[in-house]
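Hi,

Here is the structure I promised to pass on. Have a look at it first, and then read my notes below.

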Amino acid sequence: MKRIIILTLIFIVAVIILGFTRFDLMFKIKTFNPQILYKRMTYKPTVSVIVPSYNMMKTLPTSINSIINQTYTDWELLVINDGSFDETREVLKPYYSNYKIRIIHNRKNLGLIRTLNKGIRLAKGKYIARLDADDISLPDRLERQVTIMDREDLDFLSQTHYYTDKIRYEKADNFDTYSNGVELFMRVYFSHSAVMMKKSFLTKNNLKYDLKYTYAEDYDLWLAIFYKGGKIGAMGGQPISVYYPATHTIEYLKQQRYSTDQIRIHYLSKIIPNFDPYKILPLPFCELLPIIIDGNKTTKVLNQQELEKQYKLKCTNP
């Protein structure tokens with residue numbers, strides 16, 4: 001009896017909320033019922049997978065199904081339709097009956113960065129995983145990543161290279177934070193569709209994707225995690241996701257490169273007093289790292305011993 005009363009109250013509240021939102025689509029779906037809503041509201045997953053989508057109706061189902069078919073089952077999937085004007089709403093209909101999947105429709109197109117930050121706010125999981133609407137996660141992705149995140153007590157984890165169904169890059173896993181952190185100074189070598197982050201670390205440090213860095217917001221967040229003392233891991237062995245490179249305009253690539261340069265300058269300026277990018281950038285890694293080490297003696301932003309250790313390992317050892 002008590003359960004019936006609770007379900008009834010939840011249903012009434014849902015009706016009121018839905019009356020003021022654009023989620024009335026749910027009532028057109030025969031499988032929608034209060035029990036699904038109750039499960040969705042009370043479900044506490046370990047992993048929240050965020051999939052933003054804008055006019056990606058052709059590839060979105062494949063991405064969603066790659067999460068549904070994971071060997072690891074303690075997940076929720078946040079699909080955020082960012083004001084699409086194609087048939088995305090129709091494509092998403094079959095998934096409303098899955099209580100692990102939360103479908104959110106932005107009233108208007110907010111853009112990728114705002115949509116990603118919205119996903120972080122709404123995520124209920126201990127860990128946040130990212131997946132683009134035109135990529136897929138391999139079946140054991142979440143299982144392998146959660147195992148490593150727990151075992152190594154990481155705040156951030158991704159694979160080190162992009163993978164497609166035709167190309168494989170073999171490289172050893174690396175869970176040394178400073179090795180990965182200083183590598184980020186030189187290049188963007190993580191795949192966004194393979195990222196997993198600890199939500200409590202993001203919340204504690206008020207970290208999110210920055211609107212200033214168009215087309216490179218992910219790179220900024222990774223460096224921000226490193227600078228806030230986050231533990232970073234890189235998966236370099238067997239791939240966990242399949243990435244299909246998109247075709248971008250020249251304007252897109254120029255803006256991305258500009259944002260990437262500004263991000264690198266921003267964080268190097270935190271370490272090196274009177275930083276002059278025109279004199280220092282670009283420099284080979286083993287020429288830049290001593291400058292970072294010297295600058296850090298004054299600013300004390302990073303762990304000096306770890307920086308010197310990386311210099312010896314990468315630049316002085318034969």
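Which residue does a disulfide join to Cys-286? The partner is Cys-315, with an S to S distance of 2.1 Å. Keep in mind that this is a predicted model. The disulfide count comes to 1.

Some more on that bond. Cys-286 sits in helix 12 (residues 285-299) and Cys-315 in helix 13 (residues 304-316), so the link ties together parts that are 29 residues apart in sequence. The torsion about the S-S bond is about -85 degrees, which means the disulfide is left-handed.

Cys-286 comes in at 33% relative accessibility, so Cys-286 counts as partly exposed. Cys-315, at 22%, is also partly exposed.

Now for the strands. Strand 3 covers residues 101-105 and is mostly covered itself, with 5 of its 5 residues buried. Ile-101, Ile-103 and His-105 point one way from the strand, while Arg-102 and Ile-104 point the other way. In a regular strand, side chains alternate between the two faces of the sheet. In strand 3 the residues pointing either way are all buried, and that includes Arg-102 and His-105.

What does strand 3 pair with? Its partner is strand 2 (residues 75-81), in the parallel sense and over 5 bridges.

Cheers

Technical notes: Residues numbered from 1 in each chain as written. Predicted model: local features only at pLDDT ≥ 70, side-chain atom pairs only at ≥ 80, totals over all residues. Heavy atoms only, no water. Buried < 20%, exposed > 50% of the residue type's maximum accessible area, 1.4 Å probe, protein only. Helix = DSSP H or I, 4+ residues; strand = E, 2+ residues; numbered from the N terminus. Pairing = 2+ DSSP bridges. Disulfide = S-S within 2.5 Å.
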